[in-house]
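This briefing is for a reader new to the structure. Please look over the sequence and the model before going through the points below.

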Amino acid sequence: MQRPSRPKVAPGGERGSNPPSSSAAETSVASLIERATSITDPSVDPALLRAIKCAARASDGAIRDAFGVLLSLMAKPHAHVRLLAFTIADELFMRSKLFRSLLADALDGFLPLAVGFRRAHPLPPPAASAALLRKAAVQALERWHHLFGAHYRQLRLAVEYLKESARVQFPGLRDRVSVEARAAREARTQEILTAKVNQLRQNLSAIKAEIRSTTDEIRNGLEIIHMESKNFEIYANNEDEEQEIASLAMRSIRMASLMSGEWIPETQENEVIFNALRESYRLLVSKHLVTVQEWISVLVRVNLADNHFRDSALKELIDVKNEIRAVRSRCSDLGLDLDNVHRRRGVQEEEDDDFWVVGKIEVPIPGRVDTSADAASSSKDTRKGKMPGARVNSDNGKAPNAGNRSRKPNPEKAKLHAEAPVLPWSSALDRWGSNRDAHVNQRGLELESHWGRVDNDAVIPATKIAELNVHSSVYKEDPVEIQPCCAPLKRGGLCQRRDLKVCPFHGPIVPRDAEGNPIGQSDGHCDADGNPVGQTDGCYGAEVNPMEQNEGSSDAGENLIQPGESSDGEYVQEPSSSRVVNRNNDIRNNDTSHDLGNITVEQLARQAVNNVRKRNSDDKARERVQRAKIRQHNQDVLREAALASTSHSTAAYDLPSQTVARQGRRGKTKAPTLASMLKKKVTTKDRITERLLNARARDATIREVSHNEDMSYREAFPNQW
Amino acid sequence: MWCEAVRLRERGELRARRFEAVARARRAASLALSNRKEFATPHHGAVNSVQVDLTEGRYLLSGASDGSAAIFDVQNATEYEAGFIAKHRSILLVDKQHENGHKFAVSMAIWYPVDTGLFVTASFDQYVKVWDTNSAQVVMDFKMPGKVYSAAMSPIATTHMLIATGSADVQVRLCDIASGAFTHTLSGHRDGIMSLEWSASSEWILMSGGCDGAIRFWDIRRAGCFCVLDQSRSQLGRRPPFLESTVEKSYSVQQRKGKSNKKPQTLHKSQIPGQGQIQQRLHPGLSTSQNRATAHYGAVTGLRTTTDGMYLLSSGSDSRLRLWDIDSGRNTLVNFEAMRLQTSKPLQLAVTEDPSLVFVPCMASIKAYNLWSGMTFQTLRGHYELVNCCYYSAQEQELFTGSNDRQILVWSPSTPDFTEMEDDDRRQKDFVADEDNWSD
């Protein structure tokens, strides 16, 4: 499919028999064209173009000459030269019949140079000019075809070929077709719209009445709810006072937790209202609002003879819409969102699923010994009792059920519970207690002659089943006990909520003594109590205690572990962090190190945690700043790259300013030449591509030298170009 | 000038035949892309073959790579665009949708020479099918052992109706329409057969060009080929020099005792006894040296005889065009100017009836060469893809060409004055006149 390279001989030269009519005119045409195409401006100088026309119209010889020059210029491997030459050719084509016939005969050679539809011979760089050239050529060809297609078979052929075989898009043809199609579509939609408006004219009042009734319903419901919510606020305040939570922070935490939950309690008596409200709210939002908006859009688009009805209806509908919006905003103010509606309709189990949090359970602060024997049974909030912590906690019995049921003490059931053996869940529970043989074909399917003979009476002996049901697993979850909050309640007793870090009512969980006083704040008597850590977690205590005792006795300065290491480790790791604390304390209060014994281990641990957290946060902040910087840099690079899709186009876009500069001071700045347009400007994008593509081609020595540097750079800025 | 010739004819200085020949030659020399006649192509693939029927010169048959074959009326246009552009649409199209249509590309579509009621298509789906033109149904088909590259029927046959078919197989097969069977299997080529041509002077002589570069002459009344063209055996000019025949004489005397008893009768007019003797001697077995002779380096892609049946033109994948003297079987050493030819497809060449010009598809253009001097006379440009075939209609002095760009173009004698006058009559008002327009 390759084309033979065509000899680029100007037909003027071929037809040497034609007497040169006036050599001066010819040379002037040729030189004018040469001059016009050797500039870097985006278009031909109009004055020059006029001069070319004047020179060309002088004689046939001049036309032939111009044609020859233009054809040779079109063959130049520079898209900008081709673009300018094509502009001149277009001008002459529209003017001269001789030029038309000449060009038509050479059109099959000319078009590939202008449109570049042959894959083997694409348009030459620069890319920006090439795109312009292609667009101009296609447009011009279409125009030529429209005007002179009847006279030149070549033009018809070219257009047909480009359209059918080369699949070049012709804007004009497409436009003409699409305009008609659009008009037809428009007319059809107008018909439909008028029909719709007539329909609306009939039942506008009905629609309005319906919407009114719904909004009124909602308003009434909201009134009632509002009163309820006021009552609730009072109730909530009362509870606050009851609990006497001193710190402001605690109260705010509590309020937040209440707000995030369902803060209008849905009790037996107002449930009906809520349901009705939800129904009508849904109706309003999902049906009425949508219909109103549809009608408005219909009215806006329709073209009617009399706009009187349209305007009035539009006004009314907009009013209705605003009303609906107002109601909706009131509802959402009251926490009656649509998704909220959905959630509330769900059953209790679904809510539990929402609360499920997958994560590793850690006991951050070892609390005190759980004095109450049955913590779960005294739990006030049964729903919260099903939190993951509680679930793990109760793996020695069927705790969730037990916790729930024990609300109503059933002595017989409790006895049975006590008797029941504790088994891990497995499929063996399906056949619990049955000691019979099982049929192989349990389902009664007729499997005759499918896989050979089938014995319908085949049974599996009970012993075999027992053998099959032996359940063993390698992995076992570590039993983790989550400590209760233990904050003193107003009514007496301690709070039995088990949360990981923060109790929603009493704030962060801190170790407390038997009365519920936080231990950290009262140094003295915790010391006397001994080491609570050791008492709560046997395993931890065994590890921690000797070390701390060591440190207590020996000089803290001997500690060999560097503080830098501890920042990597998790701060909950007791041994390392405590040592770090010790060291930090040493550094900080060197002079007060005498009364080391006065400082309790708890305090040290807490301080350690604080220190490490602070350092972590510092690190994080620094990292964040760094990342932001990198992101900024990357964004800049990408933006630059996006602005100029290639370096050619940047070069092209840069041109005008340069030309302006050149006109100003010719002597100083280097004038942009056609060659400079072809020169590739190395942009960041090119660098990237080069780095990605030509990595192998790079010199080995350079790689060797730059390797270390590169590595360190990459380590420092891993996500940077 | 034509008016000059008319005046001479009026005065009786120019005889009628001569006048006609001059007019034909002048028209053939002025071929250009016709603006007033165009074919609306129904094909969706490359046009591989075009032929105008030999009886009326009215119906154009084309075969294309999408497995379709179409027939156009060359003389009567379907419609006129813009008043004067005659648009010819296909009057018959058989393609893949047809129940008996070809599955793969149609490589050759030819008319039954004595009637337009039948035509033959050869395809890459290994079938040669004979169609009834009026009912557009397959009358009979022949299954070939390989892709069929070409098919030919003798234009002068009166005693047989054989379709010679060349395929990827090494044998030329002759299919008899009368019986619906293969009558002959001609073996000799060492590779597939790209081109076939019946002699224009003898209805028994078949010429075949193979991918092995050999051109073989077959007499279908006898077994085996009787001549293999050798590019190195040459003669200067149109006739063999006398000198050669005298040299030949001693040679033939020497060979006389080995000569078979049959007189040379294979060629219609075998004027050179020496040639005939050699052919006779070599005949069934052919000595190895001559049997291995080649006409082209590479495959022979096209064959065409002149209308008088004396000369054979062949094109090869070595991008050469050779003119052979059929009688002597020698290369005439006409040096056709540099050209570049397609190598992978069979090409269809065309010769004017005098014969003075040969039209050769050279990549995307058609070149007209002077047959005797080998000079490029004209280059016809208009196609946008490779040109596969051309057919010169002697009746109208028009050239039809088919190309990979799906188009069938008509190149007709351009007589600008006539067309201008006629155009003025038919031109509609809403078209822009093709005039100079220099005012701004």
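B:Gln397 is buried, with a relative accessible area of 6%. This residue sits in the loop between β29 (387–393) and β30 of chain B, and its phi is near 55°, a positive value in a residue other than glycine. The model is a predicted one.

**Backbone features in loops and after a helix**

- B:Arg406 is another residue with a positive phi, about 75°, although it is not a glycine.
- The loop that holds B:Arg406 runs between β30 and β31 (408–413) of chain B.
- B:Arg406 counts as buried because its relative accessibility is 14%, and the cut-off for buried is under 20%.
- The peptide bond between B:Asp354 and B:Pro355 is cis, with omega about -10°.
- B:Pro355 belongs to the loop between β25 (350–351) and β26 (357–362) of chain B.
- In chain A, the bond from A:Pro125 to A:Pro126 is cis, and its omega is near -5°.
- A:Pro126 is part of the loop between α7 and α8 of chain A.
- A:Gly116 follows α7(A) and has a positive phi, near 70°.

**Chain B as a whole**

- Six helices and 31 strands are found in chain B.
- Of the 440 residues in chain B, 56% are buried.
- Taking the contacts in chain B between residues at least 6 apart in sequence, 51% join residues at least 24 apart.

- Eight of the nine residues of α7(A) are buried, so the helix is mostly covered.
- Those buried residues are A:Leu107, A:Asp108, A:Gly109, A:Phe110, A:Leu111, A:Pro112, A:Ala114 and A:Val115.
- Their cover includes α4 (60–74), α5, α6 (97–105), α8 and α9 (153–165) of chain A, together with β28 (376–381) of chain B.
- Helix α7 (residues 107–115) packs against helix α8 (residues 127–148) of chain A at an angle of about 140°, and the two axes are 8 Å apart.
- α7(A) and α8(A) are therefore oblique to each other, since roughly antiparallel would need an angle over 145 degrees.
- On the α7(A) side, the contact is made by A:Phe110, A:Leu111, A:Leu113, A:Ala114 and A:Val115.
- On the α8(A) side, A:Leu133, A:Arg134, A:Ala137, A:Val138, A:Leu141 and A:Trp144 take part.
- The residues of this contact divide into ten nonpolar, no polar and one charged.

**Salt bridges within the chains**

- The count over all chains is 27 salt bridges.
- B:Glu398 and B:Lys37 form one of them through their side chains, at 3.0 Å from N to O.
- B:Glu398 lies in strand β30 (residues 398–403) and B:Lys37 in strand β2 (residues 37–39) of chain B, so this pair ties together parts that are 361 residues apart in sequence.
- Both B:Glu398 and B:Lys37 are buried.
- A:Glu91 and A:Arg95 form a salt bridge in which the closest N and O atoms are 3.1 Å apart.
- The two are four residues apart in helix α5 (residues 79–95) of chain A, which puts about one helical turn between A:Glu91 and A:Arg95.
- An α-helix has 3.6 residues a turn, so residues three or four places apart point the same way.
- A:Glu91 is partly exposed at 21% relative accessibility, whereas A:Arg95 is buried at 11%.
- A:Asp499 and A:Arg497 form a salt bridge too, with the closest N and O atoms 2.9 Å apart.
- A:Asp499 is buried at 7% relative accessibility, and A:Arg497 is buried with a relative accessible area of 14%.

**Where chain A and chain B meet**

- On the two sides of the interface, 36 residues of chain B are in contact with 36 residues of chain A.
- The area buried between the chains is about 3200 Å², and carbon and sulfur atoms give 50% of that area.
- B:Tyr384, B:Asp434 and B:Trp438 supply 30% of the area that chain B buries against chain A, more than any other three residues.
- Three salt bridges are counted between chain B and chain A.
- The side chains of A:Arg118 and B:Glu385 meet in a salt bridge with an N to O distance of 3.9 Å.

Key:
Residues numbered from 1 in each chain as written. Chains lettered and ligands numbered in written order. Predicted model: local features only at pLDDT ≥ 70, side-chain atom pairs only at ≥ 80, totals over all residues. Heavy atoms only, no water. Salt bridge = Lys/Arg side-chain N within 4 Å of Asp/Glu carboxyl O. Buried < 20%, exposed > 50% of the residue type's maximum accessible area, 1.4 Å probe, protein only. Axes fitted to C-alpha atoms, helices over the stretch in contact; angles between N-to-C directions. Parallel < 35°, antiparallel > 145°, perpendicular 65-115°, else oblique. Contact = heavy atoms within 4.5 Å. Nonpolar A, V, L, I, M, F, W, Y, C, P; charged D, E, K, R; others polar. Buried area = accessible area lost by both parts, 1.4 Å probe.
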